[in-house]
Amino acid sequence: MKSLFFKIVLLFIFCFIGKVSSLETTADEISIDSENGIYTLIGKAQAEEDGKIFEADKIIVYKKDSEKRPSKIEAYGNVSYREGDTIITSDDCESDMEFVIFSKNVILKGPEFGIIHAEKAKYNTKNKTMDITSKKKVKLNLDKKLEAEFNEKNKKK
């Protein structure tokens, strides 16, 4: 019940005090620094904006009343990012709403690329591409259909 109350209050703040935003948040605890536009969500934290869903132990949203959208979202601990069929998990991430940068223990799952394990990843939310970085070998698991398509596209002529 308490979580629902916080969700309603925070949704009110985002929608009526500032310009209308599609940002929805939930958490066990929410603290608001309205002067600086910082919203801290702790415990089963979730922030959703335009189909982009961040879940983590702690999420910090930076959004001033004059801004339509958040300028930045940071997530820490058991991070999960979902957009459509794409799911990316890591220890933490930071987003400017165009790029999401994941660091530490990144696992990317999606229909376009199967499953990828890496140390770091930068996901472009506009064109759905990503850069991955890993000092170790990057582990890539494709399902049979994706593997066949990949092999066909990359067949030597």
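1. Let's start with Thr125: a polar atom of its side chain lies 3.2 Å from the backbone oxygen of Met97.

2. Before going on, a word on the model. It is predicted, so local features need pLDDT of at least 70 and side-chain atom pairs count only at pLDDT 80 or more, while totals for chains, interfaces and linings use all residues. Residues are numbered from 1 along each chain as its sequence is written, and side-chain values use heavy atoms, with hydrogens and water left out.

3. Where does Thr125 sit? You'll find Thr125 in the loop between β8 (114-124) and β9 (129-133); strands here are DSSP runs (E, at least two residues), numbered from the N terminus. Thr125 is buried, at 5% relative accessible area. The cut-offs are under 20% for buried, over 50% for exposed and partly exposed in between, using a 1.4 Å probe and protein chains only.

4. As for neighbours, leaving out residues up to four places away in sequence, Thr125 touches Lys52, Tyr81, Glu83, Met97, Glu98 and Val100. Contact here means heavy atoms within 4.5 Å.

5. On to charged pairs. A salt bridge is a side-chain nitrogen of Lys or Arg within 4 Å of a carboxyl oxygen of Asp or Glu. By this rule the count is four.

6. One of the salt bridges joins Glu49 and Arg69, with the closest N and O atoms 3.0 Å apart. This pair links distant parts of the chain, 20 residues apart: Glu49 is in strand β3 (residues 38-49), and Arg69 is in the loop between β4 (52-62) and β5 (72-83). Glu49 is buried at 2% relative accessible area, whereas Arg69 is partly exposed at 32%.

7. Arg82 and Glu55 also meet through their side chains in a salt bridge, 3.1 Å from N to O. Arg82 is in strand β5 and Glu55 in strand β4, so this pair ties together parts 27 residues apart in sequence. Arg82 is partly exposed at 28%, and Glu55 is partly exposed at 25%.

8. Then there's Lys72 with Glu94, a salt bridge at 3.9 Å, N to O. Because Lys72 lies in strand β5 and Glu94 in strand β6 (residues 86-95), the pair ties together parts 22 residues apart in sequence. Which residues make up the salt-bridge network? Lys72, Glu74 and Glu94 are linked in it.

Notes
Helices (H or I, at least four residues) and strands (E, at least two) are DSSP runs, numbered from the N terminus. A polar contact is a pair of N or O atoms within 3.5 Å; within protein, one must be able to donate a hydrogen and the other to accept it, and residues adjacent in sequence count only if both atoms are side-chain atoms.
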